[in-house]
Amino acid sequence: MAAAFERAAQELKAAGAQGRVAVNDAQKLQLYALFKQATAGDCAAAVPSAFRVVERAKWSSWHELRGTQSQEAKRRYVQLLSPLLWFAVGYSIVVALRSRVSYVVVFLLRRRRRAPAESELNVFLREHGIKVVRQPEAGNSVPRLVLSLPEDADAFQFGDCNATIPYTVEQTADVYYRKFKEPLPDPASRLLDSIELLEERQLDEYCAVFKRRLLRFRNEAPSLIKRFASSDFVEYIEDSLLDKQNRLFYVYVKNESFQSLGVLEDFAVYKAHSDKPHWTDLHQFCRVHITSSSLSFFRSRIEAFISNFYCKNAPDARSYHLQRIAEEFGDPVE
């Protein structure tokens, strides 16, 4: 977005100097305010005198954007400017055709120049739902990785939990990957049949590690659900991301089987406790989205079953994880 913003600002300046773009007063104020918010942040200048009409109008437009993030201001600036610049392109074509000036070809080629190729790392991050968050506002020059949950406005969310684990994020993540004792099934999760590591990547540029595992469970769903999902096993994909620099650990689990019927997702974020950095704060929840029209009549009953099952078993799973950490590292440090 930063590159698009800089390019848009430069093209507006060039188009304005050549008289190729028409911007009315309202648009000028909007563009001015968005540009200032994007580059300077909230307006801190004193309000100009009412006799300085132009300065007062510019100040008001900028001040109205107070609280808008820089990225959002850049996005809105590019969004507002794009139609105006494309109008300028059309105008240039008309002028060129009338005067038979061939430089329009060069202009269009520049407008349609190929974007630089996306790096292999950026492709990997995008395809695995990992975002890079810059943190200059917090005085932190170290970027933060975020394993983001896909947006789904129609999903039913439940089982929200905020808990504190009296061990470090590193200890919590380390034990998480081997909390179930071999050979499976572990008595703590009698339905878990197998765990297979599908992918592991060290993200050295960000001092992080990503893992993808396949979890296979025996299908002991009630008859109502088994009428539509009759397989003996149900498979889930588990994505996890450990950001060592920022001491963050994400776990995102989603069913691989029966996605045509619905999507079940479990999402957990572990981060260092704000007051006790040797402890870990956990936020976890689950959501379900019934996608099959054949299940619409049973939707409320299926959601109720899944919610009750999760809310009954999730606390036991968290307790078992804590038990396994204690077995590995002993009593917690206060």
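I am working on a predicted model, so I ask for pLDDT of at least 70 for local features and 80 or more for side-chain atom pairs, while totals for chains, interfaces and linings use all residues. I number residues from 1 along each chain as its sequence is written, and I take side-chain values from heavy atoms, with hydrogens and water left out.

**Entry 1: overview.** I counted nine helices and nine strands in the protein chain; helices (H or I, at least four residues) and strands (E, at least two) are DSSP runs, numbered from the N terminus. The protein chain has 334 residues, and 38% of them are buried. For me, buried means under 20% relative accessible area, exposed over 50%, and partly exposed in between, with a 1.4 Å probe and protein chains only. I also checked contacts between residues at least 6 apart in sequence, and 61% of them join residues at least 24 apart.

**Entry 2: Leu147.** I started with Leu147, which sits in strand β2 (residues 140-147). Is Leu147 buried or exposed? Its relative accessibility is 2%, so I file Leu147 as buried. Leaving out residues up to four places away in sequence, I found Leu147 touching His128, Gly129, Ile130, Asp239, Ser240, Leu241, Tyr250, Tyr252 and Phe267. I also noted Asp243, 96 residues from Leu147 in sequence, with 9.8 Å between the two C-alpha atoms.

**Entry 3: nonpolar cores.** My rule for a nonpolar core is a set of buried Ala, Val, Leu, Ile, Met, Phe, Trp, Tyr and Cys residues joined through side-chain atoms within 4.5 Å. The largest one has 21 residues, and Ile165, Tyr176, Leu242, Phe249, Val251 and Tyr270 touch the most other members. At least two residues of this core come from each of α7 (169-176), β5 (208-218), β6 (233-243), β7 (248-255) and β8 (262-272). Which element gives the most to this core? I found that α7 does, with four residues.

I then looked around Leu242: beyond four places in sequence, Leu242 touches Val169, Ala173, Cys207, Ala208, Val209, Leu248 and Phe249.

**Entry 4: α7 against α9.** I describe two packed helices by the angle between their axes and the distance between the axes. Helix α9 (residues 299-329) packs with α7 at about 105°, and the axes are 9 Å apart. My axes are lines fitted to C-alpha atoms, for helices over the stretch in contact, and angles run from 0 to 180 degrees between N-to-C directions. I therefore call α7 and α9 roughly perpendicular, a label for 65 to 115 degrees; under 35 is roughly parallel, over 145 roughly antiparallel and the rest oblique.

From α7 the contact uses Gln171, Thr172, Asp174, Val175 and Tyr176, and from α9 it uses His321, Arg324, Ile325, Glu328 and Phe329. I sorted these residues into four nonpolar, three polar and three charged. In that sorting, Ala, Val, Leu, Ile, Met, Phe, Trp, Tyr, Cys and Pro are nonpolar, Asp, Glu, Lys and Arg are charged, and the others, Gly among them, are polar.

Entry 5: I found a cis peptide bond joining Glu182 and Pro183, with omega about -5°, and Pro183 is in the loop between α7 and β4 (192-203). The bond from Leu184 to Pro185 is also cis, with omega near 5°, and Pro185 lies in the loop between α7 and β4.

Arg247 has phi near 55° and is in the loop between β6 and β7. Phe258 has phi of about 60° and is in the loop between β7 and β8. At 26% relative accessibility, I count Phe258 as partly exposed.

**Entry 6: cysteines.** How many disulfides does the structure hold? I found zero, taking a disulfide as a pair of cysteine sulfur atoms within 2.5 Å. For Cys161, the closest cysteine sulfur is in Cys311 at 9.9 Å, too far for a bond. Cys161 is buried, at 12% relative accessible area.

Notes
Contact means heavy atoms within 4.5 Å.
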